[in-house]
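Hi,

Here is the structure I promised to pass on.

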Amino acid sequence: VREGGGAPRAVVVTVGDELLLGRTVDGNAAWLGRELSDLGIPVLRRTTVGDEDGAIQRAVTDALGSADLVVMTGGLGPTRDDRTRDAVAALLGAPLHVDPELMRALEARFRARGYDRLPVTNITQAQVPEGATVLANPQGTAPGLALPRDGRWVVLLPGVPREMKAIFAGDLRLLIEKQFGERLRPVYHRTIHTTGIPESLLAERVEELLPADRGPVSLAYLPDLTGVDLRFTALDVETREEAEGWFDRLEQAVAPAVTPFRYRSESGDLVESLAKLLVDSGRKLAVAESCTGGLIAKRLTDRAGSSAYFAGGVVAYADHVKVAALSVQRATLAAHGAVSEAVALEMARGVAERLGADASLAVTGIAGPEGGTPEKPVGTVWYAARVGETAEARREVFGGDRAQVRERAAQAALALLLRRLESAG
Ligand code: ATP
């Protein structure tokens, strides 16, 4: 451990037999990795051990050999298999005593839930190792505990993710800032969301435009089913302004490659920017879905306040429903087949007229795994977006299994409508 200067380093130790058995996915370690590194505390290592004193103690001893901060989760509960508190207190030679204030708070919590006394097993949760700082748990009964050791800290957090996060965001963050304040170099990020362009192609175009001098900024491409995020990360900068300055410059440089595919969103969901455009232009959207089976309607209504821009939707799977509910012409179906430009356009028009909407989306395709033909292989999707009296349809052959084809088709249709609304002004 380097004394004094330099960024403090962390080791994360997660405790629990369930983690080793693979019954619980170690989301805590991933979350802590992200939060700690963003605060400017790189995580050197992650260790997972079972509910056993020896294993817990070896992990802590080992971690203290290289880290300034050891963050542990799990095993703080009231039952016999919750070993972390006892094991760490014994290792650090800190006897446990019952904290009267915690005891009162625990009793009050149980009374408020209608129990007349505190179960004896819960008393362990009021036990605090000598010299430890108690970190308030706004979400549950077991508080976090921070034990000092020669300028380093061992922090014990509950395993329940909601409780762990609440303690981290509250008292632990304050403790970290107090203990490591001037040594912290926070990491800054800016994310640009794109959809409709493959990662390799986006990277090719972006790299051509990026200046050779990127200062402290590194670049990552983060692809998933619905698009590719471009993330700038600034390490080792003095201030947020310095990071933002670099981000602005680089963002401007890559704009020609990115803008046609970009959408802005806090949550990462394109529906967020689509909703804003619909509301700003006072339009109501209706959707006609075949192979996406309501997925688009679901995504639109996942957001609170969706009634401001969403009129409704029709899931028209069978041809006769496309005819009866969306006014698609039998002749069109006979001439072009259900998965065709003409049918997508008629679905978009029909749903807008039938539901009294001034914007609409339609999707018709073959999600698979059955039903493909040489001309229309599995993954073939026609989708259309209509704004006012003008509409546009596109055909794509999406890769992946049934679920992926549906996700991709929904995203592509939403993106097409977003672009049309952008250009409609
Ligand atoms: P409590 O005080 O509520 O009993 P605890 O500190 O004893 O919490 P555990 O009993 O180890 O924590 O875990 C409680 C629950 O939290 C587990 O059932 C599991 O769902 C979740 N959990 C524990 N560890 C992790 C982890 N590393 N990542 C994600 N979830 C976890």
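Below is what I found, starting with how to read the notes.

This is a predicted model, so to speak of local features I needed pLDDT of at least 70, and side-chain atom pairs count only at pLDDT 80 or more, while totals for chains, interfaces and linings use all residues. Residues are numbered from 1 along each chain as its sequence is written, and side-chain values use heavy atoms, with hydrogens and water left out.

First, the sheet. Five strands make an open sheet with mixed pairing, in the order β14-β13-β15-β16-β17. (Strands are DSSP runs of E, at least two residues, and helices are runs of H or I, at least four, numbered from the N terminus; two strands pair if DSSP finds at least two bridges between them.) At the edges sit β14 (310-315) and β17 (390-397), each pairing on one side only. On average, neighbouring strands are turned by 10 degrees against each other, direction ignored. Strand β13 (residues 285-289) runs parallel to β14 and is joined to it by five bridges; Ala-286 stands opposite Gly-312 in β14.

Two helices pack on this sheet. Helix α10 (residues 295-302) touches β13, β14 and β15 (359-365), and its direction makes about 150 degrees with that of β13. Helix α13 (residues 341-355) touches β13, β14, β15, β16 (380-387) and β17, at about 140 degrees to the direction of β15. (Touching means heavy atoms within 4.5 Å; axes are lines fitted to C-alpha atoms, for helices over the stretch in contact, with angles from 0 to 180 degrees between N-to-C directions.)

Next, the aromatic rings. There are four aromatic pairs, counting rings of Phe, Tyr and Trp (its six-membered ring) with centres within 6.5 Å; planes under 30 degrees apart are stacked, over 60 edge-to-face, the rest tilted. Trp-31 and Phe-168 are edge-to-face, because their planes are at 85 degrees, with the centres 5.3 Å apart. Trp-31 lies in helix α2 (residues 27-39) and Phe-168 in helix α6, so this pair ties together parts 137 residues apart in sequence. Trp-31 is buried at 14% relative accessibility, and Phe-168 is buried at 2%. (Buried is under 20% relative accessible area, exposed over 50%, partly exposed in between, with a 1.4 Å probe and protein chains only.) Phe-110 and Tyr-115 form a tilted pair, 5.8 Å centre to centre with 55 degrees between the planes.

Finally, Glu-163 is in helix α6 (residues 161-180). Beyond its neighbours within four places in sequence, its contacts include Asn-137, Gln-139 and Pro-158.

Cheers
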